[in-house]
Amino acid sequence: MSQSIIYLNNAATSWPKPEAVLRRLEGVLQAPPGLQERGGTAKADASGGPYTDPDTCRRTLADFFGAAVPDRFIFTSGATESLNTILFGMIPAGSRIVSTVIEHNSVLRPLRLLEKRGLIELVLIGCDREGYVDKEAFAAEVEGCSMAVVNHISNVTGAIQPLKEFSAAARKAGAVFVVDASQSAGVVPVDITRQGIDVLVFTGHKGLFGIQGSGGFYLSPHLECRPLKVGGTGVYSSLEEQPDEYPIRLEAGTRGLPGIISMEAGIQWIHREGQAVLAGRVDRLRRRALEELGRIPGLQIFAAAPGDSDRKAAGLFSFLIKGQSPEETVFILQESFDIRVRAGLHCAPRIHRALGTWPEGTVRVSFSPFNTDSDVDKLVQAVAAAEEIA
Amino acid sequence: MPQLEEGLITSWRKRSSCVSKAKMYELTYAFPITPWLIRALDQLGTLEYFPEFPRPFYRLTVRDSFQLKGVEGAPSARLIIFRGEVDAICRKIGKYIDPDAE
Ligand SMILES: Cc1ncc(COP(=O)(O)O)c(C=O)c1O
């Protein structure tokens, strides 16, 4: 059954995973737990691959994301837990915080909660109809803020924000610059040092080709963060308080080792294939899809349209069929054509007001390097058929 | 999952929707729905049936009340309610469509 599915919902969770990731996971799950992690003596996992512990993965992440201090990579269950840890653990009461309307609920909801508790003043910067955030408004509003939170890639239109310009404005204002790289990690180059990022949030189950429930964040060495949870760390067990040392300060409880290793295996696969090659493949599919779908008369497309070098787009976009709810379009594509796309607000409610797609949202198409031209052609045929019966 | 008396629909389950206002349910049929039963839905409202789709799609709309949609051969369907109660609507569908009559 799964073989016939055309999966175009990679912005939610990427599928399929590279063989190399599956093999590494199998090895980890087959090895006795003590040998998998710190304190173990094995030098190779059961699949014959090199022995890995979370600290090896931290070095891989530091190398991949251009960061100097591997121990400042914290593992979590994903971007949501990372963002909650950062937003509840770093913002001083009475702060002014700037963010954007393209944020996911994993940013908006913690910030709204802090606002409701009277702890912060929140300013959200708008975007244009393609999902590019207003840079000038950001630069003006970040003044006087203690933190700025920006989503690198819109998970609705695919617009890639020019991070360097945002980080320069945040730095000038003395605000901590937090980037939600959930949609960009593994998909486009992310460089903490060169892009001036103070805190980088990533998830494992999308562009890094890891499994659900994996992810983390990078906290620059000059910053401190209070833990969201405290508990066992496997070391300093005689202390009755959470140790101050990173990363364990923020990693109470048994870590999700399979998830951590899946991310590492994903990054190694991306290195082997070449990130630019993979991105080029996805970009070609996106262009082909937009060109072909653009010929269907009753379609409204919401896609980032790259212009100058600051307007780049990732391999996802949204559309609507006139006279048909996104829910119905997705139902038809899934049930009649075996094509998996996603309907609704995509957990990013505010951007839909800018796009004019509130409250029903859009149909979102998101590619991975495993998709093919034939997938695009089948999508176009299915959308044309759905449009005819709208 | 609430169970209904025998008939075409055996049970229903509320589906969580990203869009908060929609009242959406997944209905389970007693068996995969046949072209004959799909055509029989016609008695309830406006039926649209597209047999040329890879898996033939049908959509029944009962004005101001509900929409039922699914594909031929599937053991389930989606119900979207504009007005009315899910149990009552399922019973109404079940009353008109008698699977034993085929
Ligand atoms: C932009 C963005 N931020 C945050 C998240 C949440 O990620 P996670 O599933 O790792 O909690 C997502 C994923 O849906 C996302 O697209």
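1. Let's start with a term: on a 1 Å grid over the protein atoms alone, a pocket is an open set of points where a 1.4 Å probe fits, with protein on both sides within 12 Å along at least five of seven lines, and its lining residues have an atom within 4 Å of a point. Its volume is the space filled by probe spheres set on the points, which are joined across faces, edges and corners.

2. A word on the source: this is a predicted model, and totals for linings use all residues. Residues are numbered from 1 along each chain as its sequence is written, and chains are lettered from A in the order in which they are written.

3. Now find the largest pocket, with about 910 Å³ of space. Its lining has 40 residues, and those nearest the centre include A:Glu327, A:Ala343 and B:Arg78. Among the elements that give two or more residues to this lining are helix H10 (326–337) of chain A and strand E5 (66–71) of chain B; helices (H or I, at least four residues) and strands (E, at least two) are DSSP runs, numbered from the N terminus. H10(A) gives the most, seven residues.

4. The second largest pocket has a volume of about 730 Å³. Among the residues nearest its centre are A:Ile153, A:Val187 and A:Ala314. H9(A) supplies the largest share of this lining, seven residues.

5. What classes of residue line the second largest pocket? You will find 18 nonpolar, 14 polar and eight charged residues, where Ala, Val, Leu, Ile, Met, Phe, Trp, Tyr, Cys and Pro count as nonpolar, Asp, Glu, Lys and Arg as charged, and the others, Gly among them, as polar.

Key. Predicted model: local features only at pLDDT ≥ 70, side-chain atom pairs only at ≥ 80, totals over all residues. Heavy atoms only, no water.
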